[in-house]
Amino acid sequence: MSPKVAITHLSDLTPPSQERTWLTAPHPTLPIVATCSSDKTIRVYSLTNFTLLSTITGGHKRSVRTAAWKPHMAGESVLATGSFDATVGIWRRWDSYGQEDKTRADSLTATPSDTGTETPDREEDEEEWRFAVLLDGHDSEVKSVSWSASGMLLATCSRDKSIWIWEDLDDGDNNFETVAVMQEHGGDVKCVSWHPSEECLASASYDDTIRLWREDLDDWGQVACIKGHEGTVWFIDWEGEESENWNGPTSDSDSISESDLGALQAQWHSQTALSGPRLISCSDDRTVRVWRRQPKESQQNGALSSATTGIPSIIRPTGTDEIWEEDAVLPHAHELPVYAVAWSKRTGLVASTGADGRIALYEEQFVTREQEQQGDSDAMDTTSGDVLRTKWVLVGVQDGAHGIYEINHVAWAKRADRGSGGEEVLVSTADDGSVKVWTVTR
Amino acid sequence: MAEVQNSNPTIINAADLPTRLRPTATRKSEYGGIFTSALPLAPADFESAPSSDSEDDNLMEEPIDEQEIYDLISTISDPEHPISLGELAVVSLPDIAIKPTLPDVPDSPLQTVTVLITPTITHCSLATVIGLGVRVRLEQSLPSRFRMDVRIKEGTHSTGDEVNKQLADKERVAAALENGALMGVIAKMMETCR
C-alpha cells in the first residue's frame, strides 16, 4: 500500500447522541447534516461549527435507521427518515440556519451590514422542524430511503423484502402516491440508491444480490440482478457523472504528465460513456466491488451469440434487460463486515468502513503500458492494445477511527468550516453515537 | 412455544460443569488432558500470574478468558426447559474462543468472541432465539471492544447457515432488541443468570 492520502481528524459533531447512530446524511446544498440515532431522534448538526442545531423528536417509535434530503429545494429543506417502526417520516423546515450563522458571524466581527432580512416573528413559528406526513406501508423495519435525482420519487426499502416507490405530488398538502411495490428480493432490502440522473433505482439485499429497477410502459420492473457478493450487500453508491470537478481516474506518479493524463481521461470518458455511471457495493463478505453495465450495443451482440448457441430468445423478451458485470474488486482492507461505501462525486475517491472500526480510502489509477507488461501479461492481453485499463489502489487507512466502536456509515460532504474552494470532508457515524469529520489531503 | 420440541433432553450434572470456583481434581481432569493444547488461553496462566504486579495493572481492564464467557452464558435458561444452556450442553467451554479481531494491527484492543452453539435437536426452531439470547447476554456484559461471533456448530442443525446469517446481522439483532415480545422471551431466559 502506498499511503499517499492523509486522513486527519477535523472535529466531532457535538454534543453526540448517547446511543448508537446509524447514518449521517449531508444536505445537498446547505452546510448541515442529519444523523439518525437509536434514541428515536434525528440530530441536525452544522458543518460550519460542528455543533447541534436541532433535534427532531416525536415522530418515530423506534430507532431511526436512515435519512435522505430531498434535492432541488429552495428556501425550505425536506428530510425523509426511515425507522425500525416500519414507517417513513417526512419533515420540513424553512431554511434559516445559514442566515443565523451569518447574523452571528456578523455580530462577532462587528461589521453591521444588511442582516435585517429575517423578521423576528418568523423565527418563533418557523424555526423548528414540522412533521409533514408519515408514509405507512412497510410491514417491518425500514432500512434505507433515497430521493430520485429530480426529487419527484422517493424509494424506501425494508426487512419485509419489498421496495416501495412513492411520488411526491408536491401539492402543498404533503400527499404521496404509491407508484410501485417491488417484491423480487429474497431477503431484507438493506439499501436503495437512485441513479445520479436517470430514473433507475439500485437496491442491495440480505439475499446477497444487487438489483436494478426501471419503469417500462408505466410498470416498474427489475432490469438486472447482479450476483457476485457472498454475503449480505449492505450499501451501494453510484459513480458521479462527469463534471467540472471530476475528470476520471488519475495516475499513480510522475510517469504520466499532466497533459498526457488529460488525454487519457478524455479517452477514458469516450470509452466508458456508453456504460453510464458504475455502481459500487460493500458486503458482509468483507469486499468492496465495482459493477459496470454492458453497453447496449455489445449487449445485443451477446444476445445474438447466445441465439446462435441455441438458447431460445424468449429468455430475453424485451429490450429493457441490462447486463451488469464486475468491473473490479477493490484491494482487501476490512476484516469484518463492510457497512458503508461512499464514492466521491468530486474527487472520485472511494471511502469504506465497517465493523472493524477502520476507514479505508481507494483511488482509481490508469495502468501504464510498462506496468501492464511487467504484470501477468497473459491476463492483460485479452483486450486489444488501445483499451485503457485502470486499477484500484488503497491509498489511506485510518484504524480505530472511532476508538473501539463499529462504524456504521461514511459520507462525503463539502467542507464548510472555512472558505476553501470545493474541498471535501468525510463524515463517519459510529455505534457509540459519535459522528466525526475528517479532512482528506494528498 | 406451545409444543415442547425436545421433551427429554440430555442433562449434564451441574457438578460436572466447568467452573473456576472449584479449582480441584475435577478441574485438573478438565484441563490437564488433551484439551490443554487446544485451549488458546489456559486458565492456569491466569492463576499463576502475579496478582500484585504493579499499581498500574489495577487500573487496567481485567483480562477476560473463555471460562468467564462460559460463566456468562452457561446460566442462561433454555426457552422451553427450566434448565441452563450449560447443563444441556448447548454451550460448552471448548466451543468458546477469544481471538484478536485485527491480527495485522498488533496494538488493536479489538477481540472477537466466538461461541459455537449445539442445539439439543437438529431441527430446533428455537436455535435462533437461543443464539440471540447468547449474543445479547454477551453484548450487555462485555466491554464494547469485543466483537461477537455466535454461530450454530457445524452439522448440528438443519438450517444452521440461515440461523448463522441472522445472528451475524447487526441490524436484525438491533431491531430484535426493540421487539418487546422477543425481548420478553430473552429476559425470561436470563432470569437465571447471576
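Residues are numbered from 1 along each chain as its sequence is written, chains are lettered from A, and ligands are numbered from 1 in the order in which they are written. Because this is a predicted model, local features need pLDDT of at least 70 and side-chain atom pairs count only at pLDDT 80 or more, while totals for chains, interfaces and linings use all residues.

**View 1. Chain B and its fold elements.** Chain B has eight helices and three strands; helices (H or I, at least four residues) and strands (E, at least two) are DSSP runs, numbered from the N terminus. Of the 194 residues in chain B, 32% are buried. Here a residue is buried if 20 or more other C-beta atoms lie within 10 Å of its own, exposed if 12 or fewer, and partly exposed in between, with C-beta atoms placed from the backbone. Among contacts in chain B with a separation of 6 or more, 68% come from residues 24 or more positions apart. A contact requires C-beta atoms, placed from the backbone, to lie within 7 Å.

**View 2. The open sheet of chain B.** Three strands of chain B line up in the order β1-β2-β3, with mixed pairing; two strands pair if DSSP finds at least two bridges between them. β1 (96-100) and β3 (146-152) of chain B stand at the edges with a single partner strand each, so one side of each has no neighbour in the sheet. From one strand to the next, the twist averages 20°. Axes are lines fitted to C-alpha atoms, for helices over the stretch in contact, and angles run from 0 to 180 degrees between N-to-C directions. Strand β2 (residues 111-117) of chain B pairs with β3(B) in the parallel sense over seven bridges, and Ile117(B) stands opposite Ile152(B) in β3(B). Helix α4 (residues 66-73) of chain B lies across β1 and β2 of chain B, running at about 130° to β1(B).

**View 3. Where chains A and B touch.** The contact takes 15 residues from chain A and 14 residues from chain B. On the side of chain B that touches chain A, helix α7 (residues 170-177) of chain B gives the most, with three residues. That side of chain B divides into six nonpolar, three polar and five charged residues.

**View 4. Nonpolar cores.** A nonpolar core is a set of buried Ala, Val, Leu, Ile, Met, Phe, Trp, Tyr and Cys residues joined through C-beta atoms within 7 Å. In the largest core, of 98 residues, Ala67(A) and Ala155(A) touch the most other members. Strand β22 (residues 338-343) of chain A supplies the largest share of this core, six residues. Leaving aside residues up to four places away in sequence, the residues that Ala155(A) touches include Val145(A), Ile163(A), Val192(A) and Trp194(A). A second, separate core of 34 residues includes Phe84(A), Tyr70(B), Ala168(B) and Ala176(B).

**View 5. A four-stranded sheet in chain A.** This open sheet has the order β18-β19-β20-β21 (chain A), with antiparallel pairing. At the edges stand β18 (233-238) and β21 (324-329) of chain A, each with a single partner strand, so one side of each is left without a neighbour in the sheet. The twist averages 30° from one strand to the next. β19(A) and β20(A) run antiparallel and are joined by four bridges; the bridge partner of Leu279(A) is Trp291(A) in β20(A).

View 6. Most residues other than glycine have a negative phi, and most peptide bonds are trans. A cis peptide bond joins Thr14(A) and Pro15(A), with omega about -10°, and Pro15(A) lies in the loop between β1 (6-12) and β2 (21-26) of chain A. Ala86(A), not a glycine, has a positive phi of about 75°; Ala86(A) is in the loop between β7 (76-83) and β8 (87-94) of chain A. Arg286(A), also not a glycine, has a positive phi of about 75° and lies in the loop between β19 (279-283) and β20 (288-293) of chain A. Arg286(A) counts as partly exposed because it has 19 C-beta neighbours inside 10 Å.

Key:
Two residues are in contact if their C-beta atoms, placed from the backbone, lie within 7 Å. Ala, Val, Leu, Ile, Met, Phe, Trp, Tyr, Cys and Pro count as nonpolar, Asp, Glu, Lys and Arg as charged, and the others, Gly among them, as polar.
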